[in-house]
Amino acid sequence: MSMSIDKIRNFCIIAHIDHGKSTLADRLIEVTNTLQKREMKRGQMLDTMDIEQERGITIKLQPIRMAWKGHQLNLIDTPGHVDFSYEVSRSIAAVDGAILVVDATQGIEAQTLTTLYMAMEYDLAIIPVLNKIDLPAADPERVSKEIEEVLGIDRSEIISVSAKTGENVESLLDAVCEHIPAPKTSDIAETRALIFDSVFDPYRGVVTYVRVVDGNLKAGQKVHLLNAKRTFDILEVGYFSPGYEKSGQLSTGEIGYVITGLKTTSEARVGDTVWQGAGLESEEAKALPGYAKVKPFVFASMFPLEADDYPVLRDALEKYILSDSALVYEPASSSALGNGYRCGFLGLLHMEIVQERLEREFGLDLIITSPSVPFKLTLNSQKGIDQSRITDDGFYVISTPEEMPPREFIDLIYEPYAKVEIVVPSEYIGQVMELVQRKRGIQTNMSYLNEARALITYDIPMLEIIVDFYDQLKSITSGYASMNYEPVDYRPGDLVKLDIVVADEPVDSLSTIVHRQFAEAQGRVVCKKLKEIIPRAQFPIAIQSAVGAKVLSRETLSALRKDVTAKLYGGDVSRKMKLLKKQKEGKKRMKQFGKVSIPQDAFLTVLKRE
C-alpha cells in the first residue's frame, strides 16, 4: 500500500562531529517503534561498519523509514566529519528538510555553520535542536542565544532534547510532521528517481539508494540510467528498516532501494537519474540535476608491504571503490617500494579510513607515502613533457614530486589554498593566530559568536594543513577549537622539490614538495631519522637533503670498523701499517661501488607523520 504523498516527510540530521546525530537517530527509531528495544543491541544502530562503531563516527550516510502518527518519515543519518561532507551534500539533495543538532554544552561549531549553509542552498526547512540537555555542563540559555544571533533562527523554534535519555523526542517527531514540507510533485508523466548512493552486494550486485521524484518504481520494470546510458530490469524494490525491506513499489516522494543486477557501481553512479518511460533518445528523457563530481585534494601512494600482494591490492581497490565513490586511483611504481597505486582522497581522515578498511577487509599490509596536494605549473618549454597532464587552461598538473619537470622548465608553481573556519574560545585566539601565521595563513575575517568564543576565517595553503595542522590546533587550545575547511583557489608560491640523497643516490620515494623557507628544517629532520635507521656498512654513508644541486643538510653514518690487526702479536709496526693500508683501499673501493640498501622500516618511519 503506497502512502499519500502529503503524509511523507523526507529529512536528514546534520551537525558538527560528536554532537549526537547517530544517538538521536537511535532514539527516533526507538520512539517510533521501528525496532524493538531488544533488537537495538548496540548504540548507533545506523553505523553498520565495525570501524564506525569503534571510532564512534559515522562514515557512510544511512537511510531508514519510520512511521509516526499516520506519517511516513524517511530519515538519512549523515556523517559529521569534514572529509565526508560529500556524503552530507548527497543526503541534503535527496530530502526536503533537516534537523540541525547543536550540542548544549559546546554550542555552535565550525561544521555546524558549513552544513547549515549547505542545507540553505538547497532551500531545506530547518528544525533547530538543542541536544545533551541532560548533561551537568549544558547551558541551554547561552547556546539558544548563540543559535538565535549567529544562525538567525527564532528562539521559539528551538526544540531541547536529550538523545541519550529520549527526553522530548516525541515533540521533535511532531515538529518534523508539522514543519517539514511534503515532497513536491511535477507535471512529468514518466517515472524519474535520483540515485543518492549505491552499494555493492556480493549476492545481488549493485543496490542503488533512490529518491523517487515522479511516478512509481516496481520490480520487473525495464528502466534506463540517463547519464550512464544503461538499461536494466529492476529485480526488487523496497525501503530501509534499517535492513532491506521488500515492498510492492516505490511511489512519488518515497526513499528506498532498487536492486539493479548491475555488476559495478560505476555503472550506477551517484547523481544519475533512473528513468522509466520512452527510450533514452526521446525528448522527454530529462535527467535530474545530480551532484558535482567529487574532487580529491589529498594524494598519496599506496604500496603492499609484500610485493606478492600487488594483485590482492588491485582486487581490493576494485571492490572497495564499489562502496566509496569518492576514492580515485591509478597504478604507480617506485624503485624502492615496487608496484602500487596513486590514490586521491578527500582528506586525511578519509585516507586513514581507506587504509584501515583495506587492511581489515582484505588482509593487506600497506605502506602509504607522505600525503601531497595537486599543484599547477606554468612551463616555458614543453620539450619531453607528458601532454596528458596539461589542462584546458594550459596548466601542467602534478600531484607527486617525481612528476615535477626540471626546474629550468618551470616559470611558476601554483598551490591550492583552502578557506579555513576556526571556532575558538577567546583566551586561545593569540595561540591560534600564531600557529596559522607559521603555516603561511592569511586572516580574512573575525567575528565573535558570543563574549566567550570567536569565529576566525583564514586562507591557508592546503600543503600546510593536510599533515598535522588539526592535531596542533587541538593541542594548543586544549581540545576546544573546531575547524572546517574547503578548497578555494590556486595561488603562486615559492615551492621547491626537496630531494633526499643517500650515498650519492637520490631516493625518489622520500622526495617532497615544500615551501622554500621550510626546506632546510624538514631536510634535517629526515636526514636525522634516516641516520638512526639505515644499517651501517663497511664504508661511511653520506645522507643529504638537497634542493637541485644545493645541499641543505648532511648526516654521515660512520663505517663499521673491523679490527684487521687483531691476529698480530708484537713484531714490526710496518706489518700493522700494511694491513691497515690494505683495509683503507678496500673501503675506498667499496665506497665507490657499494650500494646502500634502505630497509622498508626507513620509509615507514620517515613517512609516519609526526
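This is a predicted model: local features need pLDDT of at least 70, side-chain atom pairs count only at pLDDT 80 or more; totals for chains, interfaces and linings use all residues.

Colleague: OK. And helix 1 itself, how many of its residues are buried?
Modeller: Eight of the eleven, counting residues 21-31, so the helix is largely enclosed by the rest of the structure.

Colleague: Which ones are they, the buried residues of helix 1?
Modeller: Lys21, Ser22, Leu24, Ala25, Asp26, Arg27, Leu28 and Ile29.

Colleague: What covers them?
Modeller: The cover includes four strands: strand 1 (8-15), strand 2 (62-68), strand 3 (71-77) and strand 4 (97-103). Helix 6 (169-179) is part of the cover too.

Colleague: Back to positive phi. What about Asp123?
Modeller: Asp123 is not a glycine, yet its phi is positive, about 60°. You'll find Asp123 in the loop between helix 4 (110-121) and strand 5 (125-131).

Colleague: Is Asp123 buried or exposed?
Modeller: Exposed, at 66% relative accessibility.

Colleague: And Asp504, what is its phi?
Modeller: Positive, about 65°, and Asp504 is not a glycine either. Asp504 sits in the loop between strand 27 (495-502) and strand 28 (505-506). Its relative accessible area is 64%, so Asp504 is exposed.

Colleague: New topic. How many salt bridges are there?
Modeller: The count comes to 25.

Colleague: Give me one inside a helix.
Modeller: Take Arg357 and Glu361: their side chains meet in a salt bridge at 3.0 Å, N to O. Both are in helix 8 (residues 348-362).

Colleague: Why can those two reach each other along a helix?
Modeller: Arg357 and Glu361 are four residues apart, so about one helical turn separates them. In general, an α-helix has 3.6 residues a turn, so residues three or four places apart point the same way.

Colleague: Arg440 and Glu415, buried or exposed?
Modeller: Arg440 is buried, with a relative accessible area of 15%. Glu415 is buried as well, at 1%.

Colleague: What does Lys419 pair with?
Modeller: Glu421, with the closest N and O atoms 3.8 Å apart. The cut-off for a salt bridge is within 4 Å, so that pair counts. Lys419 is partly exposed at 29%, and Glu421 is buried at 9%.

Colleague: Which residues are linked in a network of salt bridges?
Modeller: Glu109, Asp139, Arg142, Glu146 and Arg453.

Colleague: Last one. Where is the patch of positive charge?
Modeller: On the surface, where Lys562, Lys567, Arg575, Lys578 and Lys582 gather. Lys562 is in the loop between strand 31 (550-557) and helix 13 (573-593).

Colleague: How exposed is Lys562?
Modeller: Its relative accessible area is 56%. Exposed means over 50%, so Lys562 counts as exposed.

Note on methods
Residues are numbered from 1 along each chain as its sequence is written. Side-chain values use heavy atoms; hydrogens and water are left out. Patches are made of residues with over 30% relative accessible area and no salt bridge: like charges are joined within 9 Å, nonpolar side chains (Val, Leu, Ile, Met, Phe, Trp, Tyr) within 5 Å. Accessible areas come from the Shrake-Rupley method with a 1.4 Å probe; for residues, only the protein chains shown count as cover. Lys and Arg count as positive and Asp and Glu as negative; His and the chain ends are not counted. The place of a charge is taken as NZ of Lys, CZ of Arg, CG of Asp or CD of Glu. Helices (H or I, at least four residues) and strands (E, at least two) are DSSP runs, numbered from the N terminus. Buried means under 20% relative accessible area, exposed over 50%, partly exposed in between (1.4 Å probe, protein chains only). Contact means heavy atoms within 4.5 Å.
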